[in-house]
Structures are given as C-alpha cells and as structure tokens.
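This briefing goes through one protein structure by topic.

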Amino acid sequence: MKFTVLSLFPAFVDSMREYSVIGKAIQKGLIDLRCVDIRDYTQDKHNNVDDYSYGGGPGMVMQAQPVVDAIEKNRGWNGHVICLSPRGKVLDQNMLKSLAEKEHIVLVNGHYEGIDQRALDHYVDEEISLGDYVLSGGELASMVLIDGIARLIKGVLSNENSPIEESHSAALLEHGHYTRPANFRGYKVPEVLLSGDHKKIEIYRRRESLKTTYMRRPELLAKAELSKADIRYLRDLKKSLKEDSDGHH
C-alpha cells in the first residue's frame with residue numbers, strides 16, 4: 001500500500017515513521033509513505049500558495065494551481081485522491097476497509113479557509129471528514145486515516161485477529177479488557193474471565209460488547225448482525241435498565 005501525502009507541513013506527517021505500528025510496517029515494506037510539500041509546486045515568485053477569497057470574507061484560500069500540480073505530479077496512474085475536509089463524508093470502519101483495497105492513496109491536506117473549489121471538483125476523487133468539528137489543517141486527519149487503513153493490511157499487526165475483534169469491526173463497540181493483577185485496589189476482574197471456560201467467556205464478552213454499544217452508541221446496533229440470543233439479551237437489558245431507572249424516581 002502506497003500513501004502520498006500532499007501538505008504544507010510534510011515533516012509533521014512524515015513523523016509517523018517513528019510511530020511503532022506504522023514505522024514497523026514501513027520497515028517491512030508493507031507500507032510506502034511519501035510526504036510532499038505543496039509549496040514546491042507553486043509558480044508564484046514569492047512562493048505563496050494562498051490568496052484572498054473572491055467575494056470577500058475572512059481568511060485566505062489555497063490556490064488551485066499548486067494543489068493541482070502537486071496532485072498531477074504525484075498521483076501516478078492508480079492514485080485515489082482524497083481531500084481531508086469537514087465537508088466530507090464522515091469516516092467509519094467500512095470506509096477504511098474499502099480504502100485498504102486501494103493500491104495508492106493520495107491525501108490532500110488543506111489549510112486556511114480551504115482549497116479552491118475547482119481543485120476539489122475536478123482533481124479530487126472524494127472528500128472525507130473525521131467528524132463534525134474543524135481542525136487547523138488536514139494533517140492530523142491524514143494521519144488518522146493512514147493508521148486506520150494500515151491496521152487492515154495483512155502483516156501490519158502481529159496478531160492477525162486484532163482488526164477483526166476491535167471496536168466497529170462488526171458495527172459494535174468492543175468489550176472491556178483486563179490484565180494482572182486480578183485485584184487492583186479492591187476492583188476485581190470479572191470472575192468469568194478467570195474461569196478458563198472459553199464458551200462462557202465468549203458469551204460474556206459478546207454481551208459486554210452489546211451492552212457497551214447500547215449504552216454509548218445505540219445507533220450502531222441498527223447496522224450490526226444480531227443473533228436471536230443477542231436480541232433477547234438486549235431486550236432484557238433494556239427492561240432491566242428501565243426498571244432501575246423507575247426505581248430511582
């Protein structure tokens with residue numbers, strides 16, 4: 001998998017080489033990370049890449065010319081061009097899975113008030129957002145995207161089952177994890193996890209996953225594949241929570 005990052009601050013993203021999972025993946029040759037300075041492509045004699053917005057308004061806008069030239073010179077024949085933008089479709093695990101099947105992803109990082117719309121309309125394949133908030137630039141979002149995709153590439157993680165078992169992989173949040181000591185300041189690990197009974201542990205973890213998802217992100221349950229046992233458990237959980245709530249009034 002090849003990542004090409006187009007940015008005004010390429011060294012920021014390039015620092016991922018020092019990060020454990022990504023760094024090891026690069027060393028193994030599973031990931032190729034190239035960070036390109038958009039300023040290298042400006043034709044402005046003062047090396048500017050931004051200008052005032054037509055129609056007025058606060059802030060500056062990144063010009064189409066350096067952004068488009070950077071895309072054209074670095075996308076190659078198979079580059080899938082993504083702009084990280086708060087206007088884009090919100091990133092989720094299914095999008096990461098789809099992107100992990102690409103051979104080459106080009107990430108365009110905006111700054112100031114954004115990028116000239118003509119560059120986005122005609123030279124970018126899709127816009128992606130991390131959520132309903134605004135960051136100073138696209139670099140942090142690019143790093144999140146690279147990390148999320150990299151974890152799905154075979155050989156990147158030492159445990160091949162990790163991406164399968166993690167939160168959102170099955171539209172559910174993950175159950176909690178515990179390690180030694182079994183008793184920490186009076187807080188004990190659930191007995192079932194110490195039982196050695198793998199079937200009971202599997203059931204416990206599934207129920208904890210369902211419970212956590214229902215309590216924190218209930219909208220995810222609409223996309224989850226639920227068994228009859230899951231549906232029964234959720235029904236009983238809702239009833240129990242309602243009884244507890246009524247009892248406190």
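**Surface patches**

A nonpolar patch with about 480 Å² of accessible area together is formed on the surface by Phe9, Phe12, Tyr133, Leu135 and Leu140. The model is predicted: local features need pLDDT of at least 70, side-chain atom pairs count only at pLDDT 80 or more, and totals for chains, interfaces and linings use all residues. Residues are numbered from 1 along each chain as its sequence is written, and side-chain values use heavy atoms, with hydrogens and water left out.

- Patches are made of residues with over 30% relative accessible area and no salt bridge; like charges are joined within 9 Å, and nonpolar side chains (Val, Leu, Ile, Met, Phe, Trp, Tyr) within 5 Å.
- Accessible areas come from the Shrake-Rupley method with a 1.4 Å probe, and for residues only the protein chains shown count as cover.
- Leu135, one of the nonpolar patch residues, sits in the loop between β7 (126-129) and α6. Helices (H or I, at least four residues) and strands (E, at least two) are DSSP runs, numbered from the N terminus.
- Leu135 is partly exposed at 38% relative accessibility. Buried means under 20% relative accessible area, exposed over 50%, and partly exposed in between (1.4 Å probe, protein chains only).
- Arg207, Lys228, Arg232 and Arg235 make up a positive surface patch. Lys and Arg count as positive and Asp and Glu as negative, while His and the chain ends are not counted; the place of a charge is taken as NZ of Lys, CZ of Arg, CG of Asp or CD of Glu.
- Helix α9 (residues 228-248) supplies the largest share of the positive patch, three residues, and Arg235 lies in this helix.
- Ile231 is also found in helix α9 and is partly exposed, with a relative accessible area of 44%. Its C-alpha atom is separated by 9.5 Å from that of Leu210, 21 residues apart along the chain.

**Buried helices and strand β6**

- Eight of the 11 residues of helix α3 (residues 64-74) are buried, so this helix is largely enclosed by the rest of the structure.
- The buried residues of α3 are Ala64, Pro66, Val67, Val68, Asp69, Ala70, Ile71 and Asn74. Their cover includes β1 (2-7), β2, β4 (60-62), β5 (79-90), β6 (104-109) and α5 (117-123).
- Val108, in strand β6, is buried at 1% relative accessibility.
- Leaving out residues up to four places away in sequence, Val108 touches Leu6, Val67, Ile71, Val81, Ile82, Cys83, Leu84 and Ile115; contact means heavy atoms within 4.5 Å.
- The C-alpha atoms of Val108 and Val68 are separated by 9.9 Å, with the two residues 40 apart along the chain.
- In helix α2 (residues 20-28), the buried residues are Val21, Ile22, Gly23, Ala25 and Ile26, and they pack against β2 (32-37) and α6 (139-150).

**Salt bridges**

- The whole structure has seven salt bridges, each a side-chain nitrogen of Lys or Arg within 4 Å of a carboxyl oxygen of Asp or Glu.
- Arg75 and Asp125 form one of them (3.3 Å, N to O). This pair links distant parts of the chain, 50 residues apart: Arg75 is in the loop between α3 and β5, and Asp125 is in the loop between α5 and β7.
- Arg75 is partly exposed, with a relative accessible area of 22%, and Asp125 is partly exposed with 43%.
- Arg206 and Asp230 meet in a salt bridge (2.8 Å, N to O). The pair joins helix α8 (residues 198-216), which holds Arg206, to helix α9, which holds Asp230, 24 residues apart.
- Arg206 is partly exposed at 29% relative accessibility, whereas Asp230 is buried at 6%.
- Asp116 and Arg118 also pair (2.6 Å, N to O); Asp116 is buried, with a relative accessible area of 16%, and Arg118 is exposed at 52%.

**Backbone geometry**

- Most residues other than glycine have a negative phi, and most peptide bonds are trans.
- Asn47, in the loop between β2 and β3 (50-52), has a positive phi near 70°.
- Arg185, in the loop between β8 and β9 (187-188), has a positive phi near 55° and is exposed at 73% relative accessibility.
- A cis peptide bond, with omega about 5°, joins Arg180 and Pro181; Pro181 is in the loop between α7 and β8.
- Gly29 follows α2 with a positive phi near 80°, and Gly76 follows α3 with a positive phi near 65°.
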